[in-house]
Amino acid sequence: MTFKEFYLRKPVKSSLLFLASALSSLLLVGSSYALTLEFNALRNRQPVLFAQMLALQLACLVFSALLTYYGNLSLEQLIQSYLQQIRQELALHIFNDGQAHDPAQAQNQLLKEGDLLTVSYLRNIYSSFKAGMTVLASGGALLSFHWSLFIACLIFALVQISLPRLLDRQLNHANQRLATQNQAYLKVLGDWLLGLGDLHRCLSLAWFKEKAGLAAKELEDAHVHKSAVSARLDYLNQLAYSLGSSLILLLTAFLVIRHWTAFGLLSSIASFNSDFFGNLQNAADYLGEISGSRQLRQDLLKQREAVPEQKEAGQAPAAFASSPLTVEFNGLSLAYPAIKLQPGEKVLLTGASGRGKSTFFKLLLGEVKAASGEIHYLDQKGQVIQPNLSQIGYLPQDPQLFPGSVAENMTMFNPALNDQDLLRQTADQVNLSEDLRLWPAGLDTRVAVEDSNISGGQRQKIVLARSYLYHSQLLLIDEGTSAIDQAATREIIARLLKTDKTIMFVAHNLTADSRQLFDREIQLD
Amino acid sequence: MTLRKLINSNRGRFAIIFALLVMTQVIDVASTYLFSPMVNQVSAGRFNIFCSLLLIQFALALVLNFAFNGANYLFSKQTQQYLHGVRDRLADHYYQQPAGLSEMTNHFSQDLDTLTYDYATVLFYLICDVINALMVAASLLSFHWLLLLASLLTTVTSFAIARLLEKYSNQATDQLSAASQHFLATIAQWTAGLAELRRYFAKGPYQKALLKSGQELADRQVSRRKINSQIQCLQSLSNALGTVSIPLIAGFLFFKGQMSLGGVITSGYFASSIFSVLENIAGSYSYLNSTKSLRQQLSRLQESKKNDNLQPVNRMAQIEIKQVSLTHGKQLLSYPDLTIHAGEKILITGDSGSGKSTLLKLLLGNLQSEKGQIIFKDAAGQAFQPDPYSIGYQAQDLVLFPATLAENVTMHTPGLSADPKDYLKTVGLQLDPQRQITPDDLTLSGGQKQKLALARTLSHGFPLLLLDESLSAVDRAGQDQILRTLCQLPATVIFVAHNLSPEQKARFDREISLAKREHV
């Protein structure tokens, strides 16, 4: 996140915003100036001039309020449209980087970090600009009274701005710790809230509260820690402010006594002074917080970097041959024999639970890397090819549906495949037609992801339909029919096995006659 | 969150905070008063006395600064301590009545952050400002009653504006919270299936869904900012009138000879400080109000009530299912009449979509039937309402906890004497009980996860077990072993499964096959 990028997105609107903010600052200082002149008029007993200056002061305040309103609204619009762009880039990055993303982490990236940054970065820049303009305007007014007042103000300006750097690093750490704890807390919430039913059934309230309370405590401590760091930062800044304003007052009194400046300044110097120092302090605070968020901003920039899109390079594999493979998993290791599938072969893969059948599929899909051994992918003629792994059809144990229609979930949102006849034909192949008939909206039935209106078996059929529509030559099915009833399973398998696809199927619970439909069975022992 | 509850979470500390704040404001007003003699000394040409007064003023500012930052830090501690209690009570509430995951996460996290920044922090400054306003008002009254009257009129106008527009501001905050919840849910739904989306290059719909929901959130942010800024602008305008009215009155009094020049200057200082402070108060007030409905909602969520009419299911002698039907996912499900006796082992089979899982949810009370009844009766034939949490229910989507295997079995249930090793052995899970696992553990296969969840269910000795496809990923030999144990339990077992072999089916007392019905 950089300010330049933010500004250049909508240069005209941004310029107007900053212009309005500068004007509103000038008007505020103008109202202090009018106050000085009012006081002079009083001292000289000029009621008409006094009334005129009062009217001038009122006009300054009214226009300043209107400009502030315009500024607030326009800033929010600009920030939100910029945030949308950031979200878009983050979403793209998450999609293209090819890594697994925990939903809680994605939520944090896309929502919380962005919000945190707008508060501590863009808003602060705007506020510090506004404060800076007030400093300039009141500084100019002071210069018009006496040059030494301006010099004194300038010296303290430098002190004010350099001070926050002293605590910069600590505040950086505090912010980072807060973000980390926030993410850890969201993760713990996700893990435990999902199982509230089971926890209640086992009367494990105390355990749940202990675990959730521990994570909450760390988040709360991070909040308190951050506020301690901020308090120290504020203390130093306010100290400098008090010192500066006292010395300026001292100087003014000296100038007045020497008759080098008008007596009337004694009444308004406090007002100019508070405009000058107050806003300087604000600017220093804002700048301190801006540099405090530097680390987070750099992280965010990194997260937004465009990742080259995974191109559909290579050929669609039709079969494979693997040498003996091993996989390491935090301390556990799995070993596989050499396995070769001929193009068009239909193989049943069996083995005890925990033997690594699903992991073998993940190896083939490139989602898990082998510690030793390698896999060669073959085309229809059995020649070794450079594979495009995304062309392998895969039916996981827990198939994932997306918010959209049943048709969209079958085609994976590819409009080119969205042909009623094609979809109905495919539905026949996977025994989904009956289910479609039972849904009044048929193919257009909406999938509700959270309160599932689609049963486990229906889900598996929809996902199976994907691999038909995409003509996958090599199909890996991991318990892909475990929730489909026996008769339908038999029909689906029989139909699958009649195709020329190469199929590797993991299933328990197949009936003997279903088993016999396969060319062979590989048993992992 | 209310001020009273915040105070009560640690009264001693709050008293210190309050004392510190009062001290800062007294010092603040005293410093302003000090300005009057300082001007007089300059006017009389006595520079040395002026310098001593200035030194006193600076010393006062040092004390003020220290006290204010100390109070601020203590207040943050107080807030976090209070929020800890809120989280604790939310946990109790959701333990009794769970809700959707993103809704619960939003309340635990995002909403509490909103309370910290938009309520607690604002409240802190409000307290300061109120004390300040009171002191300054007293000072103004010491000059002339008209000055105080003018400032009070401005205050009333400011508050009236906030009060009149509060409804719109509240609406905007609610809409923002809903949009943020929806956005969180959208992110979770789409990123959960990221691998699948990548496999099919379905970037377009993923991006479209996230952006659409993100845009909604952005629009809500803007409209909330708009309404709040409008309120703020109206208040600034009415305050501008007030700011000008003070010198107008003071000038009038001066020209009539009722006020000295020095009085005009000092009253001007007090007036300008009272207006900025009142503007702050009104602003904070409307800000506090904009979180009102969120606070009310959260305080409702902190109440948890237990339904005392519920009876443990171990007194059950039989369950009667009579003419039960309901529409689920726009599909009509109707069930045959059934009577299930205590201790029976029942197998439920049927096509996908015939309502097997739904039947278990009906028995559990998670779903209500539209027609017909499910009646639990005790040995005396008396109907009772069963406590759903006394039923051992295992859904198709298992939940594992980030803890050891043994803890995942015993679940730290108070009074449970079961040895986790025995139950891991019963289900045939030969893994180290002390091994730490995660909810989405890649080192456990689907079958192992099911076995682990079964070990948990079996070790807790539920009198009624509702098992939904609980062995679907377990190998045939493992299924045999576990079914043998299950069917010898004294408990009533209702087991949903496809694809069991005839020998496995024979272990059950009865098989009930559900048929698919027409839609409405």
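Start by selecting residues 50-70 of chain A: this stretch is 100% helix and 0% strand, and its end C-alpha atoms are 31 Å apart. (Helices, H or I of at least four residues, and strands, E of at least two, are DSSP runs numbered from the N terminus.) You're looking at a predicted model, where local features need pLDDT of at least 70, side-chain atom pairs count only at pLDDT 80 or more, and totals for chains, interfaces and linings use all residues. Residues are numbered from 1 along each chain as its sequence is written, while chains are lettered from A and ligands numbered from 1 in the order in which they are written.

Why pick that stretch? An unreviewed UniProt entry lists residues 50-70, 133-159 and 239-257 of chain A under "transmembrane region"; positions are in the numbering used here, feature names are shortened, and annotations may be inferred rather than shown by experiment.

Jump to residues 239-257 of chain A next, again 100% helix and 0% strand, with end C-alpha atoms 27 Å apart.

Now find the open sheet of 4 strands in chain A, ordered S4-S1-S6-S7 with antiparallel pairing. Its edge strands, pairing on one side only, are S4 (339-341) and S7 (384-385) of chain A. Strands pair if DSSP finds at least two bridges between them; S6 (residues 375-378) of chain A and S7(A) have 2 bridges, antiparallel. Zoom in on A:Tyr377, which stands opposite A:Ile385 in S7(A).

Last stop: show both chains. Their contact takes 121 residues from chain B and 122 residues from chain A, counting residues whose C-beta atoms, placed from the backbone, lie within 7 Å. Helix H8 (residues 203-255) of chain B gives the largest share of the chain B side, 28 residues.

Notes. Two residues are in contact if their C-beta atoms, placed from the backbone, lie within 7 Å.
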